[in-house]
Amino acid sequence: MKLIAVDNISVRYGHHLALKNVSLCVSPGEIVTIVGPNGSGKTSLLRAIIGAIRPDTGTITRKPGLVIGHVPQRLHIDRTLPMTVERFIRLTDRGSRGDCVSALRRVSAPNLLTRQLSQLSGGQFQRVLLARALANQPDILLLDEAAQGLDQPGSATFYQLIDRVRLDTGCAILMVSHELHVVMSASDRVVCLNTHVCCEGTPARVASAPEYRALFGSHTKGALALYRHDHDHLHDHQDDESCSTIS
């Protein structure tokens, strides 16, 4: 059973068409990454999936009882407020203190529980945002440029953490990323979006697609240098069946 199936949705803001006839799905335990240029509709797609906006056409089907964890691209919060990490995680009644501790352990930051938000570095705050998304034990994590603002080592560490969370919890991950080397080294499937779906499949397949190379340049094929061939081979046979109808 697919966790989420997006079927032929379109989203319009006034006269601006943000998404046109977009379809994709996410299966349990897989990492799917959405790439595309600025203004291609990536954030609109995630907002439609979580229910923040309603598609003008098409449908989005979620597995009954699906729990979604969301790490937004930007969170407008005054980090100088006198608020501990525990209080921040539990703002929307996200479980007990034990759940907070468990979530922080999963992101390798258990010592941050009683720290003030104002005391956190950028990397620590991203870990706290991820822990907040994990506190309700989600079936799927939605990450919208979650490493934005981190330097390259910090970004690499964060995405390694994402992969470990997937392995530890078994939750699926749907993420938007502009870091092509991360996409190629961490994803099971890649969806290339430019208002519509240009191409999709395993990282090796997408990197070789003319539509992808037209958007990002032929040099991006070198991003596959960090990609594990055996990982791609394992998932390549799943590609044709990856978006079958929810049963």
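How many residues lie between S8 and S9 in the hairpin that they form? The structure is a predicted model, in which local features need pLDDT of at least 70 and side-chain atom pairs count only at pLDDT 80 or more, while totals for chains, interfaces and linings use all residues. Residues are numbered from 1 along each chain as its sequence is written, and side-chain values use heavy atoms, without hydrogens and water.

Strands S8 (residues 189–194) and S9 (residues 196–201) pair in the antiparallel sense over five bridges; strands are DSSP runs of E of at least two residues, helices runs of H or I of at least four, both numbered from the N terminus, and pairing requires at least two DSSP bridges. One residue separates S8 and S9 in the hairpin, and Thr195 in the turn has a positive phi of about 75°. Cys192 has Cys199 in S9 as its bridge partner.

A nonpolar core is a set of buried Ala, Val, Leu, Ile, Met, Phe, Trp, Tyr and Cys residues joined through side-chain atoms within 4.5 Å; buried means under 20% relative accessible area, with a 1.4 Å probe and protein chains only. The largest such core has 36 residues, of which Leu104, Leu130, Leu141 and Leu143 touch the most other members. Helix H4 gives the largest share of this core, seven residues. Another core, of 26 residues, lies apart from it and includes Val26 and Ala172.

Glu145 is located in the loop between strand S6 (140–144) and helix H5 (152–169). Beyond its neighbours within four places in sequence, the contacts of Glu145 (heavy atoms within 4.5 Å) are Lys42, Gln73, Val176, Ser177 and His178.

How values were computed: Buried < 20%, exposed > 50% of the residue type's maximum accessible area, 1.4 Å probe, protein only.
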